[in-house]
Amino acid sequence: MKIVVLGNGTMGAGIVQTMAQKGLAVTMKGRSNESLDRAMQRMNKGLTRLVEKGKMTAEDADQIIGRITVTTDYADIAQADLVIEAISEEMEIKKEILREIDGLVQPSAIFATNTSSLSITELASVTKRPEQVIGMHFFNPVPV
Ligand SMILES: NC(=O)c1ccc[n+]([C@@H]2O[C@H](COP(=O)([O-])OP(=O)(O)OC[C@H]3O[C@@H](n4cnc5c(N)ncnc54)[C@H](O)[C@@H]3O)[C@@H](O)[C@H]2O)c1
């Protein structure tokens, strides 16, 4: 299954790390290479702390990082089976992104939103697959 997470902020990076910790390959889509680098550095730091505390081995941490790919290009997400949106909590921005990916990602894919309080029905309505748009709410910090 190809999983893509949109957003590399607090929640996006946390969801990506959690998916990778559970053994799933995952792509993190960010807006710039710099922000993706920063997200990966934060993740590496967090995993190093877990290794130091004896909660995982260095090999485990390497494998987790190895399951993550990053991209700034929506074209790279076309083959996704599950897209988890973790973009800023603004209806118009989320709608704009959902509209854009609806035309790019294969029709069978499921879109999940991590919104805290926006209407999932309203978000789903801008896509041609409203029955495949779901809420998937994670708490912060996601890996915990
Ligand atoms: N932080 C929390 O405690 C928490 C908990 C549960 C759910 N949420 C929800 O998760 C979502 C993300 O929250 P967060 O705390 O990770 O926010 P954040 O500010 O840390 O990250 C927001 C992400 O959205 C991206 N973004 C913003 N505008 C964009 C645009 N126009 N196009 C593409 N990307 C854009 C940013 O680059 C960043 O990667 C929100 O819907 C929020 O309500 C947050």
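Which side chain has an N or O atom 3.0 Å from an oxygen atom of the ligand? Asn 114 does. Keep that pair in mind while we go through the rest. One caution first: this is a predicted model.

Now zoom in on strands 1 and 2. They run parallel, and four bridges join them. Val 5 stands opposite Met 28 of strand 2. Leu 6 has Lys 29 in strand 2 as its bridge partner.

Next, the faces of strand 2. In a regular strand, side chains alternate between the two faces of the sheet. Here, Val 26 and Met 28 are on one side of strand 2, with Thr 27 and Lys 29 on the other. Buried or exposed? All four are buried, so both faces of strand 2 are covered.

Now the packing. Nonpolar side chains tend to be buried together in soluble globular proteins. The largest nonpolar core here has 25 residues. Which of them touch the most other members? Ile 15, Val 26, Met 28 and Ile 84. The elements giving two or more residues to this core are strand 1, helix 1, strand 2, helix 2, helix 3 and strand 4. Helix 1 gives the largest share, six residues. There is also a second, separate core, with 17 residues. Leu 6, Ile 97, Val 126 and Val 133 are among its members.

Met 28 deserves a moment. Not counting residues up to four places away in sequence, its contacts include Val 5, Ala 13, Val 16, Leu 36 and Met 43. Thr 69, Val 70 and Thr 71 are on that list too.

Where is it found? In the loop between strand 1, residues 3-6, and helix 1, residues 10-21. Its relative accessibility is 12%, so Asn 8 counts as buried. Its side chain makes a polar contact of 3.0 Å with the side chain of Ser 35. Setting aside neighbours within four places in sequence, Asn 8 is in contact with residues including Lys 29, Gly 30, Leu 36 and Arg 42.

Asn 8 is also one of the closest residues to the ligand. How many residues surround the ligand? The count is 19, and Met 11, Glu 89, Lys 94 and Ser 116 are the others among the closest. Now the distances. A side-chain N or O atom of Lys 94 is 2.8 Å from a ligand oxygen atom. A backbone N or O atom of Ile 87 is 3.2 Å from a ligand oxygen atom. And there is the opening pair: Asn 114 side chain to ligand oxygen, 3.0 Å.

Gly 14 counts as buried, because its relative accessibility is 7%. Beyond four places in sequence, Gly 14 touches Gly 9, Val 142 and Pro 143. Gly 14 and Tyr 74 are 60 residues apart in sequence, and their C-alpha atoms are 20 Å apart.

Second, Gln 17, also placed in helix 1. Gln 17 is buried, with a relative accessible area of 10%. Outside its four-place sequence neighbourhood, Gln 17 touches Met 43, Leu 47, Ile 64 and Pro 143.

Last stop: Ser 108. This serine is in the loop between helix 4, residues 91-102, and strand 5, residues 110-113. Buried or exposed? Ser 108 has 53% relative accessibility, so it counts as exposed. Leaving aside neighbours within four places, Ser 108 is in contact with Arg 129 and Gln 132. From Ser 108 to Ile 64 is 44 residues in sequence and 27 Å in space, C-alpha to C-alpha.

Conventions:
Residues are numbered from 1 along each chain as its sequence is written. This is a predicted model: local features need pLDDT of at least 70, side-chain atom pairs count only at pLDDT 80 or more; totals for chains, interfaces and linings use all residues. Side-chain values use heavy atoms; hydrogens and water are left out. Buried means under 20% relative accessible area, exposed over 50%, partly exposed in between (1.4 Å probe, protein chains only). A polar contact is a pair of N or O atoms within 3.5 Å; within protein, one must be able to donate a hydrogen and the other to accept it, and residues adjacent in sequence count only if both atoms are side-chain atoms. Contact means heavy atoms within 4.5 Å. A nonpolar core is a set of buried Ala, Val, Leu, Ile, Met, Phe, Trp, Tyr and Cys residues joined through side-chain atoms within 4.5 Å. Two strands pair if DSSP finds at least two bridges between them. A residue is near a molecule or strand if one of its heavy atoms lies within 4 Å of it.
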